[in-house]
Amino acid sequence: MSDKCVFLDRDGVINEERGTYTFTETDFILLEGVADAIRLLKNNQFKVIVITNQSGISQGLYSLENMLSCHRKMMSETNQLIDDIYYSKWHPSISESLSRKPDSLMLERAIAYHQIDIGKSWMIGDKERDIESALKVGMKTILISQTEKLETQAGFIEKNLIRAVENIILKN
Ligand SMILES: [Mg+2]
């Protein structure tokens, strides 16, 4: 028995992309429609798993506890419906890692542990490295973008998470 899943990048998909590292609860601002989108996915039997690069930890810019406090706020504001969170603390200046997107080890671990059906699953991200990571394991992809970015490898483009769920995932 395997489950379908929607994997979500964090910054720019769940919370506001600030153009720099987000590691305080004050700066962690949930985007409009995100809590509704996650509830809709859960009501349609999808697992929801967050896949996030957090290289600021290995670079000493913020602590693991800083990240965890943001994740507690994220869980609370999305009604504890997120099934799991995978993070990669590595940065090429400290250590190369296959877990850091655009590599796919975080996804592979999540797929194995949660017994995910890749063919029925999606990755939603706002950066090309999110899309590349998902294409390495053969998953469907949606890029969150305010502009029509024609050079993307993503299968679909949408403006935000709730539109991606309503207009693409629930119709494909
Ligand atoms: Mg992002």
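**Reading the sheet, the helices and the core**

Modeller: Let us begin with a unit: E1 (residues 4-8), helix H1 (residues 34-43) and E2 (residues 46-53) make a right-handed β-α-β unit. Right-handed means that, with the strands pointing away from the viewer, the path from the first strand over the helix to the second runs clockwise. The labels follow DSSP runs numbered from the N terminus, with helices (H or I) of at least four residues and strands (E) of at least two. This is a predicted model, in which local features need pLDDT of at least 70 and side-chain atom pairs count only at pLDDT 80 or more, while totals for chains, interfaces and linings use all residues. Residues are numbered from 1 along each chain as its sequence is written.

Colleague: Which elements make a unit with E2 and helix H2?

Modeller: E2, helix H2 (residues 64-77) and E3 make a β-α-β unit that is also right-handed.

Colleague: How should I read the pairing of strands, and in what order do the six strands lie in the sheet?

Modeller: Strands of a sheet pair through backbone hydrogen bonds, either parallel or antiparallel. Two strands are taken as paired if DSSP finds at least two bridges between them. Here the open sheet has the order E3-E2-E1-E4-E5-E6, with parallel pairing. Its edge strands, E3 and E6 (156-158), each pair on one side only. From one strand to the next, the twist averages 20°; such angles run from 0 to 180 degrees between N-to-C directions, and the axes are lines fitted to C-alpha atoms, for helices over the stretch in contact.

Colleague: How many bridges join the neighbouring strands E1 and E2, and which residue stands opposite Val48?

Modeller: E1 and E2 are linked in the parallel sense over five bridges, and Val6 stands opposite Val48. On E1 there is also a parallel pairing with E4 (residues 122-125), through three bridges, where Val6 stands opposite Trp122. E2 is joined to E3 (residues 84-88) by five bridges, again parallel, and Thr52 stands opposite Tyr87 there.

Colleague: Is E2 mostly covered or mostly open to the outside?

Modeller: One counts neighbours: a residue is buried if 20 or more other C-beta atoms lie within 10 Å of its own, exposed if 12 or fewer, and partly exposed in between, with C-beta atoms placed from the backbone. By this count, seven of the eight residues of E2 are buried.

Colleague: Which residues of H1 are buried, and how are they arranged?

Modeller: An α-helix has 3.6 residues a turn, so residues three or four places apart point the same way. In H1 the buried residues are Val34, Ala37, Ile38 and Leu41. They fall within an arc of 95° seen down the axis, so they line one face of H1; the arc is that of the directions from the helix axis to the C-beta atoms. These residues pack against E1, E2 and helix H5 (161-167), where contact means C-beta atoms, placed from the backbone, within 7 Å. H1 lies across E1 and E2 and runs at about 135° to E2.

Colleague: What covers the buried residues of H3?

Modeller: In H3 (105-113), Met106, Leu107, Ala110 and Ile111 are buried. Their arc around the axis is only 130°, which puts them on the same side of H3. Their cover includes E1, E2, E3 and helix H4 (128-137). The face turned away from this buried side carries the exposed residues Ala112 and Tyr113.

Colleague: Which residues touch the most other members of the largest nonpolar core?

Modeller: A nonpolar core is a set of buried Ala, Val, Leu, Ile, Met, Phe, Trp, Tyr and Cys residues joined through C-beta atoms within 7 Å. The largest has 39 residues, and Val6, Phe7, Trp122, Ile124 and Leu161 touch the most other members. Apart from residues up to four places away in sequence, Leu161 touches Val13, Leu31, Gly33, Val34, Ala37, Ile124 and Ile144.

Conventions. Two residues are in contact if their C-beta atoms, placed from the backbone, lie within 7 Å.
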